[in-house]
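Biologist: I am new to this structure. Please walk me through it, one question at a time.

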Amino acid sequence: MAPYTLTYFAVKGRCGALKMMLADYGQQLKENLVTFEEWMKGDVKASCVFGQLPKFQDGDLVLYQSNAILRHVGRKHGAYGKNDCEASLIDMMNDSVEDLRLKYIKLIYQEFETGKEAFVKDLANHLKPFETILAKNKSGFLVGDQISFADYNLFDLLLNLRVLSSTCLDSFPALKSFVEKTSARPKVKALLESDDFKKMPINGNGKQ
Ligand code: GTB
């Protein structure tokens, strides 16, 4: 039996990074996919502590909030740094990934038609700090010399951003190399190439 269960919509959305991290650690995941029609009935929403998905179950532990879920899995599988200082730096990186993800989500769900051009134009300003950090840290990871949940989160977001703007990484060699290296991790590669993963839309409204 899979130790972990994820309840979410049939999109990559806020769970792409989680799926990549679990795959990379050889962990099985049971997925309960909730349709939009089912969600609109209200019962599932009412059962969620904050009225939103994803919901993640690890035995008796029930978690909401995608970043708390990433942290939990990262903590359990050695993807949360080697000491407290690394863990704090990883938190900082992940919060910055979240800041950019929120801008992306706002674009996708609220202003895609009117805001895409400006978003893409401004994107380099938001990618630059990650480029600087990765160029400086010769390990190829955001923090220390091993992969962390923040790396999977950044990787997932960069894949989405490259779909939005195929050239957005062109002037960022460290980010390009980061994407190439993470994509080439054998279990991540297998997930990315799997039919189930490929056929899942990135977002719930068909925009990407
Ligand atoms: N801070 C929370 C987290 O990080 O987990 C935010 C969670 C969140 O925004 N959840 C969205 C949700 O539950 C789904 S992700 N929305 C329903 C609601 O609030 O009632 C974005 C999303 C929206 C819609 C679909 N869809 O229709 O397929 C898919 C994904």
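Modeller: One term before we start. Buried means under 20% relative accessible area, exposed means over 50%, and partly exposed lies in between, with a 1.4 Å probe and protein chains only. This is a predicted model: local features need pLDDT of at least 70, side-chain atom pairs count only at pLDDT 80 or more, and totals for chains, interfaces and linings use all residues. Residues are numbered from 1 along each chain as its sequence is written, and side-chain values use heavy atoms, with hydrogens and water left out.

Biologist: Is His72 buried or exposed, and what is its relative accessible area?
Modeller: His72 is found in helix H4, residues 66–76. Helices (H or I, at least four residues) and strands (E, at least two) are DSSP runs, numbered from the N terminus. His72 counts as buried because its relative accessible area is 14%.

Biologist: Which residues does His72 touch, not counting residues up to four places away in sequence?
Modeller: Contact means heavy atoms within 4.5 Å. Leaving out residues up to four places away in sequence, His72 touches Phe56, Asp58, Leu61 and Leu63.

Biologist: Which residues form the covered face of strand E3?
Modeller: In a regular strand the side chains alternate between the two faces of the sheet. Strand E3 covers residues 55–58, and its uncovered face holds Lys55 and Gln57. The covered face is Phe56 and Asp58.

Biologist: In E4, which residue is the bridge partner of Asp58?
Modeller: Two strands pair if DSSP finds at least two bridges between them. E3 and strand E4 (residues 61–64) run antiparallel, joined by four bridges. Their hairpin has two residues between the strands, and Gly59 there takes a positive phi near 60 degrees. The E4 partner of Asp58 is Leu61.

Biologist: And in E3, what is the bridge partner of Thr5?
Modeller: E1 and E3 also run antiparallel, with four bridges between them. The E3 residue bridged to Thr5 is Gln57.

Biologist: Which two residues does a cis peptide bond join, and what is omega?
Modeller: Most residues other than glycine have a negative phi, and most peptide bonds are trans. Pro54 sits in the loop between helix H3 (43–47) and E3. The cis bond joins Leu53 and Pro54, with omega about 15 degrees.

Biologist: What is the phi of Gln65?
Modeller: Gln65 lies in the loop between E4 and H4. At 47% relative accessibility, Gln65 counts as partly exposed. Its phi is positive, in a residue other than glycine, and near 80 degrees.

Biologist: How far apart do the C-alpha centres of domain 1 and domain 2 lie?
Modeller: Domain bounds come from an automatic or database domain assignment. For the protein chain, this gives domain 1 (4–79 + 191–198) and domain 2 (84–185). Their contact takes 15 residues from domain 1 and 18 residues from domain 2. The C-alpha centres lie 21 Å apart.

Biologist: Where does the largest cavity lie?
Modeller: On a 1 Å grid over the protein atoms alone, a cavity is a set of points where a 1.4 Å probe fits but cannot get out, and a pocket is an open set with protein on both sides within 12 Å along at least five of seven lines; lining residues have an atom within 4 Å of a point. The largest cavity is lined by Arg14, Ser66, Asn67, Leu70, Glu98, Arg101 and Asn153. H4 gives the most to this lining, with three residues. Both domains give residues to the lining, so the largest cavity lies between domain 1 and domain 2.

Biologist: How much space lies in the largest pocket?
Modeller: Grid points are joined across faces, edges and corners, and a volume is the space filled by probe spheres set on the points. For the largest pocket, the volume is about 710 Å³.

Biologist: Of the 25 residues that line the largest pocket, which are the closest to its centre?
Modeller: The largest share of the lining, four residues, comes from H5. Domain 1 and domain 2 each give the lining at least three residues. Closest to the centre of the largest pocket are Tyr8, Phe9, Gln52, Leu53 and Tyr109.
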